[in-house]
Each structure stands twice: as C-alpha cells, then as structure tokens.
Amino acid sequence: MTKSEFRYAHHPEDVKKYTTEDLRREFLINDLFNEDQINVVYTMYDRMIVGGAMPVKSALKLEPTDDLKAENFLDRRELGIINVGAAGKVTVDGEVFELGNKEALYIGKGAKDVVFEKGNEGQTLFYFNSAPAHHTFPTKKITKNEAEIVELGEEKYANRRTINKLIVNSVLETCQLQMGMTELHEGSVWNTMPSHTHTRRMEAYFYFDLEEGQTVSHFLGQPQETRHIFMQNNQVVLSPEWSIHSGVGTSNYTFIWGMAGENMDYGDMDAVKTNELK
C-alpha cells in the first residue's frame, strides 16, 4: 500500500507570516513510517520526493503515484535509499541487495520493479529520496566503508560530527540526487553551524537516532528572518533553496541530508556567519 501527499513551494515573504501551525503543516513530515505501507511526499522544491517504507508482514512494491503520471515510479526518476532500521533487502528488477543499518542503495532511472522487505530480526525502516533524472546510471549499493568521510566541528562548540557522503558524485554518478548522513558525537548537539544557504538546490533533513524523550530544534528561513520547528525521532523537514538548514538537539542524534537541484558541488554554499543570524 502506498500513501501519497503533494506539497507546494513557498515564497520567503509569505513564510515570514506563518504561525507555528503553518510552518509545521508546510515543512514538517511527521508520519513517514506506518506498518506495511510506503509513504511518499511529492514536493515542488526541485520536485523532490521524500518517502519511507516499513515492511512488516509482507514485501512492499514501490508503485507510481498519481502525481508522477508514469507507468513505473522510476520511468523519469532516480532513487536513493538508506536503511535506518534493522537489516533488510531491496530487490531491483530481480536483483537482491542486502542493506544493513545505515547502508545505502542508489537506483538509476528506468528500473521497473523496486521491492522492500524486512530482515529476520528487528524492524527494517527504509528512508528514501527521489529526484527527476534524464540519464540512467547503474544501480549500486554503498556501505559506510565506501562513503567519503569528513570530520567536522569541535567539542568546544558542541558540533563535532562525522559526515558520511554516501550518494554523492565523488562516490558514484547520479543525475542530480545527492544524499549523505551526519552523525553527531556524544556531547555535541549542533549541526550545520555555522549555517549556509545554497540557492541552486533544495534540501531535506531526516532526523533519527534521537534518544526517547529528547528533541531537535531545526532552524529554517532566510538568515535574517529565521524560524524554528521542534522535531522528534524519524521526522523530516523540507528546506527551501532560500533557507538556512541547521539544528540543535537536547542530545546527540543522526540526520540524513538529501539534495536536488542544478549543482552537485558539495562545497557550493553561501556561508552565513553565526553572529549575523537573526
């Protein structure tokens, strides 16, 4: 079973007037995993699709939604999957890929059948992003050992973190989709600080590995007109191209960043000094 939702893009001048309820309705995705269901949100930010699959009693096939007007989900799209639960498997046109916790799979344009299945122990949770594609690149599994690893931050500023670049052009070829995973070290709570924007691409943040009873405050908005959304475990926030995207938690956590747009240069950022945020 697939449940789909459609969301429009927003002008920054309009967002200045949003209430807390408005912000959460438009930018927060809070119900991504449901038993034996695939949930997808189609956003007009670079036509990114954010989704989650939770196979429990049966395998789940990725079906096209009405918004795609396509025979198959990946007729004109590419897909990035990261397993955020127990070990499971994804079958792509008959080829089986075993995915452990925090392992990724890139699926190129044109794949017909994508099926999610849980493993033998624990609950498997598949988080995925999809973007339009105009060329077919090979399907490939990426482990953390194959990722490009970057260590950033300092304990002094409570932002020590390990960035795992999983589905990026320094690891494999994609059309425009870029995905990675940032793990905050114990005692560190700030992510993507100092902050930045990048008007050439949007971004989606999926927060997980958050201790029960704790929370993350995600910051968005223009650098001089910021807003915040308090988030719980396994929730997603959409970040427009004009918006900063950073956060602070009451404990450490992990998040997956997914990007789509016209530039795949990871360093393409418009930096914002911390003491200039408002």
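In the residue classes used here, Ala, Val, Leu, Ile, Met, Phe, Trp, Tyr, Cys and Pro count as nonpolar, Asp, Glu, Lys and Arg as charged, and the others, Gly among them, as polar. On that basis, the lining of the second largest pocket divides into 6 nonpolar, 2 polar and 4 charged residues. The structure is a predicted model.

**Largest pocket**

- The volume of the largest pocket is about 300 Å³. Among its 22 lining residues, Arg161, Thr192, His196, Tyr266 and Met269 are the closest to the pocket centre.
- Three strands, β14 (161-167), β18 (201-208) and β23 (254-261), each contribute at least two residues to the lining of the largest pocket.
- The lining of the largest pocket comprises 11 nonpolar, 8 polar and 3 charged residues.

**Annotated binding site**

- An unreviewed UniProt entry assigns the feature "binding site" to His196, His198, Glu203 and His245. These residues span 50 residues in sequence, but no two of their C-alpha atoms are more than 11.8 Å apart, so they gather at one spot.
- His196, His198, Glu203 and His245 are included in the lining of the largest pocket.

**Glutamate 203**

- Glutamate 203 belongs to strand β18. Its relative accessibility is 4%, so glutamate 203 counts as buried, the cut-off being under 20%.
- Beyond residues up to four places away in sequence, glutamate 203 touches His198, Val237, Leu238, Ser239, His245, Trp257, Gly258 and Met259.
- The side chains of glutamate 203 and histidine 198 are joined by a polar contact of 2.9 Å.

**Histidine 245**

- Histidine 245 is located in the loop between β21 (235-239) and β22 (246-249). With a relative accessibility of 1%, histidine 245 also counts as buried.
- Apart from neighbours within four places in sequence, the contacts of histidine 245 are Asn191, Thr192, Ser195, His196, His198, Glu203, Tyr205, His218, Phe219 and Ser239.
- A polar contact of 3.4 Å links the side chain of histidine 245 to the side chain of histidine 198.

**Second largest pocket**

- The second largest pocket has a volume of about 150 Å³.
- Its lining consists of Tyr42, Asp67, Leu68, Ala70, Asn72, Phe73, Asp75, Arg76, Arg77, Pro132, Ala133 and His134.

Note on methods:
Residues are numbered from 1 along each chain as its sequence is written. This is a predicted model: local features need pLDDT of at least 70, side-chain atom pairs count only at pLDDT 80 or more; totals for chains, interfaces and linings use all residues. Side-chain values use heavy atoms; hydrogens and water are left out. On a 1 Å grid over the protein atoms alone, a cavity is a set of points where a 1.4 Å probe fits but cannot get out, and a pocket is an open set with protein on both sides within 12 Å along at least five of seven lines; lining residues have an atom within 4 Å of a point. Grid points are joined across faces, edges and corners, and a volume is the space filled by probe spheres set on the points. Helices (H or I, at least four residues) and strands (E, at least two) are DSSP runs, numbered from the N terminus. UniProt positions are given in the numbering used here, feature names are shortened, and annotations may be inferred rather than shown by experiment. Buried means under 20% relative accessible area, exposed over 50%, partly exposed in between (1.4 Å probe, protein chains only). Contact means heavy atoms within 4.5 Å. A polar contact is a pair of N or O atoms within 3.5 Å; within protein, one must be able to donate a hydrogen and the other to accept it, and residues adjacent in sequence count only if both atoms are side-chain atoms.
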